[in-house]
Amino acid sequence: QHVSVKIKENETYTEIYEFSRPKSKLGFGYTPGHSYNIIENIYKYLGKDFIIQIYSPYGIESSDMPTFIIGSDTSIALHGFRESALVLVSSFIIFLLGIFSLFVFGIFKKYIIRGYLTLLYAGIFSIVVSIWTMNEQPIFSYLLNNSILTSYLSYITLLLIAPSIYLFFRE
């Protein structure tokens, strides 16, 4: 991925922002993941012509169009929270229920017989699914601002869903 922003000043274009991902392997794949490119102090260029060049790693067959959000860090974060508030809140509740079930299992594990290990596995499953779901939201990528970390987190939690659900149903 390559992003370049140029502002027209005195009949020439001056580059004010450039960002490039290396063409080598990123995380578990060759794609950059979901990321934000933040251009600082864009307001001082208001009223001037500008060019935004984006070279996608997906090639010409990609139909996705980039989203442009203009605002401060706070307003962009609030916009992201508004867009995905329901998913974030429900995922956080599922995460808390998973933590609670692990807590209950930890307290009562000496009293629980084999058939009640489902509480442990359900807690692990709900934690893994909630982390994966939250990670898939664009606001999570904006807050972490590290597409390689979110890529690893996505792959790891997605891979951990299968064993946790298997243990839950096996029990």
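Predicted model: local features only at pLDDT ≥ 70, side-chain atom pairs only at ≥ 80, totals over all residues.

Guide: Residues are numbered from 1 along each chain as its sequence is written, and side-chain values use heavy atoms, with hydrogens and water left out.

Visitor: In what order do the strands of the open sheet lie?
Guide: Strands of a sheet pair through backbone hydrogen bonds, either parallel or antiparallel. Strands here are DSSP runs of E with at least two residues, and helices are runs of H or I with at least four, numbered from the N terminus; two strands pair if DSSP finds at least two bridges between them. In this model 3 strands form an open sheet in the order 2-1-3, with antiparallel pairing. Strand 2 (12-20) and strand 3 (50-55) each have a single partner strand, so one side of each is left without a neighbour in the sheet.

Visitor: How many bridges join strand 1 to strand 3?
Guide: Strand 1 (residues 2-9) is joined to strand 3 by 6 bridges, and Val3 has Ile54 as its bridge partner in strand 3.

Visitor: Which residues of helix 5 are buried?
Guide: Buried means under 20% relative accessible area, exposed means over 50%, and partly exposed lies in between (1.4 Å probe, protein chains only). The buried residues of helix 5 include Ser147, Thr157 and Ile161, whereas Phe169 of the model, at 65% relative accessibility, counts as exposed.
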